[in-house]
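Please take a moment with the sequence and the 3D structure before reading on, and keep both in view while the paragraphs below lead you from one part to the next.

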Amino acid sequence: MGCRKNQATLTTAERQAFVNAVIRLKNEVPSQMGLTNRYDDYVQVHLNAMTAANGWAHQLPAFLPWHREFLRHFELDLQAIDPTVTIPYWDWTADQNPAAPGTPFTADFIGGDGDGADSRVTTGVFASANGKWQLNVLTGGSHDNKPYLRREFGLSAPNLPSPAQRNVALNKTVYDVAPFNSGSNDGFRNFIEGWHSTGGGANDAPPQNHNRVHVWVGGNMLPATSPNDPVFWLNHCNIDRLWAVWQAMHPAAAPYGPVSGAPTGHNLNDTMIFFQGGPAPWPDTSTPAGVVDNHALGYWYDTDPPRVVLLTPSVSFVDVQQGIGGTGITTYRAIKFECESCGDVTLDITAGPTAGFAAPTLTENVHPNHDPTSGLSPSEGALWISYTSTTAGSSITGSVTVRATDVNTGTVFGPWVVNLSANTVARDVSAVALVLDRSGSMTTDAGNGHQRVELMRTAVSTFIDLMQDGDGLSIVRFDNLVDTLMTVTNVGAIPGGAGRLQAQDIVTTHDPLKTLDPRGSTSIGGGIIAGKAALDAASGTFTKRAMIVLTDGLENTPPMIIPDAAASLNDHTFAIGFGQAAAISTAALSSITQNHGGYLIVTGPVTQEENFALTEYFLKIQAGISNSSAVLDPRGELVFGATHRIPFQLTRADFGADVVLLSPAPQLIDIRLEAPDGSIIDPAVAGAEAAIAFVSTPRVSYYRASLPMLAKDPKGSHAGQWHVLLSLSDKARGAERQLAARLSRAALPYSLLVHAYSNLTFRPSLVQSGFEPGVAVDLRVAINQYDVPLPTPATAWADILRPDGTSSLLMLDRIAAGRYSASFVASDSGIYTATIRARGVTLEGQKFHREQRFTAAVFAGGNQIAQPPDDRACKLLHCLEGSIGPELRNELGKRGFDMKHLEKCLDEQCRGSHASLGGEKPFDPQAPDLKASVGGVQQARFELIAGEQKAAKPLPFAALVKGKRVHKPKAEPMIMNFGIDMPMGKKSKMKMPKGKTRARKGKAKTPKGR
């Protein structure tokens, strides 16, 4: 219910809100007791309580808890009309003059005194002339027989209670004493209710305190129907507050009594009485014991003693990593406090922190939650301490002294000495296994005129380019045979590390011993098993391990993903399905990725506009493995004379950034960074700054930097609005006229990715429970800063691109601090692309933007998981074939049995029924040129770029982009060269290459040592 405030401190809007809610309760809300309106229910209940044979609420112990529950229900009804409303209290010991500031009896609030012989109230909204306040529940007595509100200030009592008279009650050390009625000569209850004298003076005789207020106001406040006057609620709210004050003054006293011995409804655990027969005003079984703590009921008073608890007597910066390039990472930890108060709480540092630690601010203000609907729940406040990592293995300890001050009451909590500790460790290094499909279908067109294997090579090469020194890489290839081409190896320095060069050689070579050239059928499970084995065998201090599986087909050769490979996985697993969802083992791949901290991407056809898509997907997975997240990823096209100025936001929570440019010819594009203060960072500046590295390869150009980037300008090169500046370089001059003729577009396309390494973590996810049309797709986002959910609300949404090409925006609901969720129904077959985005401000108040792209795939039969083929018959036939000796073969031939035809049938029907972990055929120099048949446009592009770098004169720009055309050989020789047997009937003119033999299960020759 929030905070109940002194009516004298209410704003004009707060006063008006309370009055409006009371008027609407009287005029718009129906009764639950069969009366005229809901407000009248309260008048009737109070009348019943005072006229019952054994009083329910007055002159007995339950006076205070009964009225507390009475007020609670009234306030809830008001809040059903206006959630901002709480009942104010009238401190009648302070604001006693109806004509002085601070009085509740004003025309814009409760209205004034009665006028004329009938004491009718004529001012304010409750005056009868306004027609909004008709009295319906009356006793018929002399003060209660008119349908309009009446008051008679000071007529029956000359003055309101004084602070001294109130204090007599507050100073009582016991709640109530026998005989527990108006005759009790001790106890807070009887003295605050006002049945006992508060002293020997003329004004000290009863009625006192609560009773005297009723009598002093007079008119409708005198009879049992006193709630007919809205000032009733302000008076009883003050009495309820004073009970809370008395409890705080006497913490050792029982807050209520007696436990037994009082009339029914008045003992500690009795159910209080609010009706006897007839309709109940509300469902209730409350007891005095259940309401003694007003905080437990959800509301505070602005005079309640505040509560501040230090939650973190010590703060540890455990295993803070060295920064990128050796620059320290500054991270923050909170000294946390739990605060409850109706006023602000000031937290401040009074000493320290000691050397090695720092504090961005010495003072923070906490605004406790005053929401009247959710209650004044404990609010968390924090003072922030920072630590900047140094060298791996170093550690320090220190301290800081803090305190808290309640603004309302001036109460000081503390001081507390908080212990600090920190240590620096080496940066995270990752071991990644790339499990790559080289089945025959990888030669098919990806959808943009390039073979799938070409795009895979480009994406994998770029992935390798961006790996950090110290990260490990393994490469596994699979078709119906599986080979580990590279065990987990440190890729080494950027760009020329030995491991990096080894990996790039595997990607580009056509040597059958280590090529990715397509051939064979598909055993995804076999590749996954080999990838896991490589990760398990990795030596070195790898802190993260992950597997990325790329495949373009349905697995058809055991071992299978499920159950053969899935059960053994224990590392983060990601998968990219290259092509349409129905042609990929979607359900099986999704099951292993979603259950192992990764996700599945299904690309669909890769159009000309999506040329960079596969590489982008690889790099986004890489970002997740390395604990970075995407700030933005726009695409564009550059023409001569144009400079693209692309904005992005970095925050103080970010400690590093990668700015990555993808293009068919990235070295022909000038890429510069503009810092928030306008400083320009180009490759030359990067070469002179310890915090920045600039790398350019034939596939990608990128800046990798720790923040702040500029040693002499730390403030201007960290948090704020950055820009990437892109333009065509002088290397491309002379090619402008050829551009339109040689390119499919008259511009050089690019894709830009900005990834931030940050203490602000953005963790989106897409989860689908099935793959049939009509399934619900759940989108979720978690945003943390310094390892705690970001308390400041952000805006999270998703751009949904449907299979039919239409798009829509889906807002994510905030379900908790830093947590957002939404869902949509995938009703049509096909691939849905969901780009999940979030925008907000950090704890330091700086803007951030994060995004990530996911896919969801649905199609008829999508929930089916491929089963291993039943190859028992094939095994039996192969066994029988092997048992037929030469003599029997000759005899069978004489009798007309064609053994060669049997062998052919076995090859066609039983070939590749089980994957072999290892076993590529030796390299055959007589085989047709695979380099031309598969390397294709991509290899030509690399050669042209390499040539351009060596030549005295640059090659034409368009040629660099487009590459040379290559002609694929006829299908049958090409497929044979990839190791897939073709029928060799009598009419076939094809000849097996020298040294080659037709593959038969278990018969493939392998070189020595493999």
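This is a predicted model, and the mean pLDDT of the protein is 85, with 85% of its residues reaching 70 or more. Over residues 918-1010, however, the pLDDT is below 50, although this stretch has 161 contacts in the model beyond near neighbours in sequence. Where pLDDT is low, the predicted coordinates should not be read in detail.

Strands of a sheet pair through backbone hydrogen bonds, either parallel or antiparallel. Here 5 strands form an open sheet with mixed pairing, and their order is β6-β13-β12-β8-β10. The strands β6 (314-321) and β10 (363-366) stand at the edges and have a single partner strand each, so one side of each is left without a neighbour in the sheet. Neighbouring strands of this sheet are turned against each other by 25° on average, direction ignored. Looking at one pair in detail, strand β8 (residues 345-351) and β10 run antiparallel and are joined by 4 bridges, and Asp348 stands opposite Thr363 in β10.

The last topic is the cysteines. A disulfide is a covalent bond between the sulfur atoms of two cysteines. The structure holds 1 disulfide, formed by Cys3 and Cys342, whose sulfur atoms are 1.9 Å apart. What does this bond tie together, given that Cys3 lies in strand β1 and Cys342 in a loop? Strand β1 comprises residues 2-4, while the loop lies between β7 (330-340) and β8, so the pair ties together parts that are 339 residues apart in sequence. The torsion about the S-S bond of Cys3 and Cys342 is about -105°, and the disulfide is therefore left-handed. Both Cys3 and Cys342 are buried. Two further cysteines can be looked up in the same way: Cys237 counts as buried because its relative accessibility is 0%, and Cys339, at 0% relative accessibility, counts as buried too.

Notes:
Residues numbered from 1 in each chain as written. Predicted model: local features only at pLDDT ≥ 70, side-chain atom pairs only at ≥ 80, totals over all residues. Heavy atoms only, no water. Pairing = 2+ DSSP bridges. Helix = DSSP H or I, 4+ residues; strand = E, 2+ residues; numbered from the N terminus. Axes fitted to C-alpha atoms, helices over the stretch in contact; angles between N-to-C directions. Disulfide = S-S within 2.5 Å. Buried < 20%, exposed > 50% of the residue type's maximum accessible area, 1.4 Å probe, protein only. pLDDT = per-residue confidence, 0-100. Contact = heavy atoms within 4.5 Å.
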